[in-house]
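Hi,

Here is the structure I promised to pass on. Could you have a look before we talk?

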There are 2 protein chains.
Amino acid sequence: MPTTIHDVAKKLNLSITTVSRALDGYDDVADSTRKLVVVTAQKMGYAPNRAARQLRRQKAETIGFIIPSISKHFNEPFFTEFMSGLGDELSKRNFDLLVSNATEDEGERALYHRWVNSQKVDGFILNRVRRHDWRVEYLSEWGIPFAGLGRSHDGIPYPSVRIEAADVYLNLVRHLIDRGFSRLAFIGGPADLINQIDRLKWFKNALKKLKLEPGNLITTDMSSTGAYEAVCALLSSPTPPDALLCVNDQTAYGALHAAHEHGLTVGRDIAIAGFDGLRDSSHTEPPLTTLAVPMPEIAHALVQMLLKKLNGEASEAEEVVVLPELCIRASTGG
Amino acid sequence: MPTTIHDVAKKLNLSITTVSRALDGYDDVADSTRKLVVVTAQKMGYAPNRAARQLRRQKAETIGFIIPSISKHFNEPFFTEFMSGLGDELSKRNFDLLVSNATEDEGERALYHRWVNSQKVDGFILNRVRRHDWRVEYLSEWGIPFAGLGRSHDGIPYPSVRIEAADVYLNLVRHLIDRGFSRLAFIGGPADLINQIDRLKWFKNALKKLKLEPGNLITTDMSSTGAYEAVCALLSSPTPPDALLCVNDQTAYGALHAAHEHGLTVGRDIAIAGFDGLRDSSHTEPPLTTLAVPMPEIAHALVQMLLKKLNGEASEAEEVVVLPELCIRASTGG
DNA sequence: GAATCTTACCAAAACGTTTTGGAAAATTAT
DNA sequence: ATAATTTTCCAAAACGTTTTGGTAAGATTC
């Protein structure tokens, strides 16, 4: 039986009103009383019952993150790093993070719906946004606050973080050319993912700007295993590429594996680069060249924008731009 | 404004009691009425307000998972796979998973306390359990339900999952010997982690049983980078080992990196094995031999035991034993 | 010393459910 | 036809907060 506000009030011979207001920092309670209340509450281990507070305040002080069902299992390292960032930011502000992945019975849509309608969460963070994203449509139609990593192309305004890598991608491609690689291929993901769209665009632009012939483009499901299989096939083709630019690090893991299996020395016979800058990418063999996105910065921006929106002080469609950093490692010849 | 039970009741000219009971499947409501209620509620998009329900029922229908602060950032791939399993299991039963990592301001202990006292969660899942674990002490002292992956040595009873790998570890060591490796080293983690204790024990036992001389033991922080540094040092010693048995896969990633950097061909000059069986471990260079733990089975058992405990139908200290599977890959010579 | 203003407190309502303890209506038994 | 039972429904209380709209006492002003 956790201590309630009544317990605290009774102990001090005060009304629960006064205790509540003392703890919430209202100025209509005497300083001496406040101190007493705060100290006693602390000593008694009182923490306001969240259900009661939520019910009264109509706020959950909780943010939802639903793993996009595209990734059957959410063990993608990227998600962990992402959630880690969100968790850090949120707990700083006394918010909590509710996490789930859609099951087969209850669809993903139903889960969003349930969390919103049951007021389990105040808002959502979106990730792996798509060109036309039903989540964006759905949430904005229902007036549910959210912020996203990436902006859909629906023209619907919402606060988002955009990764801008045109310049740094050009540097990456220049670096590859410098190292003597010339037959570039892009190992991409599902065509309507904003990540894929942007990164492919930067790839193409870089080729164009450097007047290189258009590269080979292949598609995977963005898992390491999917990429492994696709790249295996690619390397068996008559004129295989000698540089693989992967849509993300995990895809690059699969590509590395495939290259090794084909007896290639990565960094010499073939170059492989990723995107995201996962922790473990510095320990692959050889260490992976990648464009590291500033995860804490992204999480910070998303949380801040979302919380601003919850307080009603949001500019409709704020967009924060972050720049990845080029980490050149041995997988592209150092 | 989400629809409330009042809205549904009004629409049907029923009392909220009847609506509530109809939806909850009580048998004191006519079948015809129930059908009507269910259909209408569904159509109106009604979902019970969780705060109100919690307040009344005194249950949160939410389980907490707090990333142990030993791992500064919870981007360990293991956690993602673990949480993935928990999420799957929980959402099947309409429970949710609340996740957080302790911040610097609010310590880990305070976070457990707050979640419990504010009744945000009904119970906890523990992971990375230690020999003497304050969390076990704390939670059991306060009568807060929890289940853990690994059992502390405090003699405190609680439902747990135990990984039992004595036999399979013996097989692993035999396999290494067969392949001609003989100077075995154990790349371990913090000494009081149950994982470390068990796995080290199996390592030692296997050596003893096969009458091998005691191996080299080193300690890391169980991060890939920590292991990388430690193994670099180890390999520079006068008589370096030729087989590294790592306490987990992530440690093995660092070991792989170190071995490559020393110009060794992994699988021929040196063998490296992990433990856990992370997804990406099949794509390292060379693919990593590991003992794969059955994550879904573990998650299932933990969730089931915890929920049983929440329903008061728990045998105090149930223990489910799971067996990992030996995945032999190229990193130990295939 | 009366009127006004501040300060410090509090009673009661409200948030949206679930559950308790009936009660009316319909059915069956006598 | 009446009594007993079953079926179907409901009013009201409770869960633990926050917030509204006060009031009494003390301080200040005239």
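Below is what I found in it, starting with the overall picture.

Before anything else, some housekeeping: this is a predicted model, in which local features need pLDDT of at least 70, side-chain atom pairs count only at pLDDT 80 or more, and totals for chains, interfaces and linings use all residues. Residues are numbered from 1 along each chain as its sequence is written, while chains are lettered from A and ligands numbered from 1 in the order in which they are written.

**Chain A overall**

Chain A has twelve helices and twelve strands; helices (H or I, at least four residues) and strands (E, at least two) are DSSP runs, numbered from the N terminus. Its C-alpha trace spans about 85 × 35 × 35 Å along the principal axes. Of the 334 residues in chain A, 48% are buried (buried is 20 or more other C-beta atoms within 10 Å of a residue's own, exposed is 12 or fewer, partly exposed is in between, and C-beta atoms are placed from the backbone). Take the contacts in chain A between residues at least 6 apart in sequence: 68% of them join residues at least 24 apart. Contact here is C-beta atoms, placed from the backbone, within 7 Å.

**How the two chains meet**

At the interface, 47 residues of chain B are in contact with 48 residues of chain A. Several elements of chain B supply at least two residues each to that side, among them helix 4, strand 2 (96–101) and helix 11 (249–261). Helix 5 of chain B gives the most, with nine residues. By class, the chain B side divides into 15 nonpolar, 21 polar and eleven charged residues. As for the classes, Ala, Val, Leu, Ile, Met, Phe, Trp, Tyr, Cys and Pro count as nonpolar, Asp, Glu, Lys and Arg as charged, and the others, Gly among them, as polar. The copies meet through the same surface, because 100% of the interface residues of chain B are also interface residues in chain A.

There is also a strand pairing across the two chains: strand 2 of chain A and strand 2 of chain B run antiparallel and are joined by three bridges. Within it, A:L98 stands opposite B:L98. Strands pair if DSSP finds at least two bridges between them.

**The DNA**

DNA strand C is surrounded by 25 residues, and the closest are A:S15, A:A30, B:I5, B:N49 and B:A52. Near means a C-beta atom, placed from the backbone, within 6 Å of the strand. Two or more residues each come from helix 2 (16–24) and helix 4 (50–57) of chain A, and from helix 1 (5–12), helix 2 (16–24) and helix 4 (50–57) of chain B. The surface near DNA strand C has nine nonpolar, nine polar and seven charged residues.

For DNA strand D, 25 residues surround it, with A:I5, A:S20, A:A52, B:S15 and B:D28 the closest. Here the elements giving two or more residues are helix 1, helix 2 and helix 4 of chain A plus helix 2 and helix 4 of chain B.

**A parallel pair in chain A**

Strand 3 (residues 123–126) and strand 4 of chain A pair in the parallel sense over three bridges, and A:F124 has A:F146 as its bridge partner. Strand 4 is covered on both faces: A:F146 and A:G148 are buried on one side, A:A147 and A:L149 on the other.

Most residues other than glycine have a negative phi, and most peptide bonds are trans. These are some spots to check:

- A:E285 and A:P286 are joined by a cis peptide bond, with omega about -15°; A:P286 sits in the loop between strand 9 (271–273) and strand 10 (290–292) of chain A.
- The peptide bond from B:E285 to B:P286 is cis too, with omega near -15°.
- A:N13, not a glycine, has a positive phi of about 55°. A:N13 lies in the loop between helix 1 and helix 2 of chain A and counts as exposed, because it has 6 C-beta neighbours inside 10 Å.
- B:N94 has a positive phi near 65°, in the loop between helix 5 and strand 2 of chain B.

Cheers

Conventions
Two residues are in contact if their C-beta atoms, placed from the backbone, lie within 7 Å.
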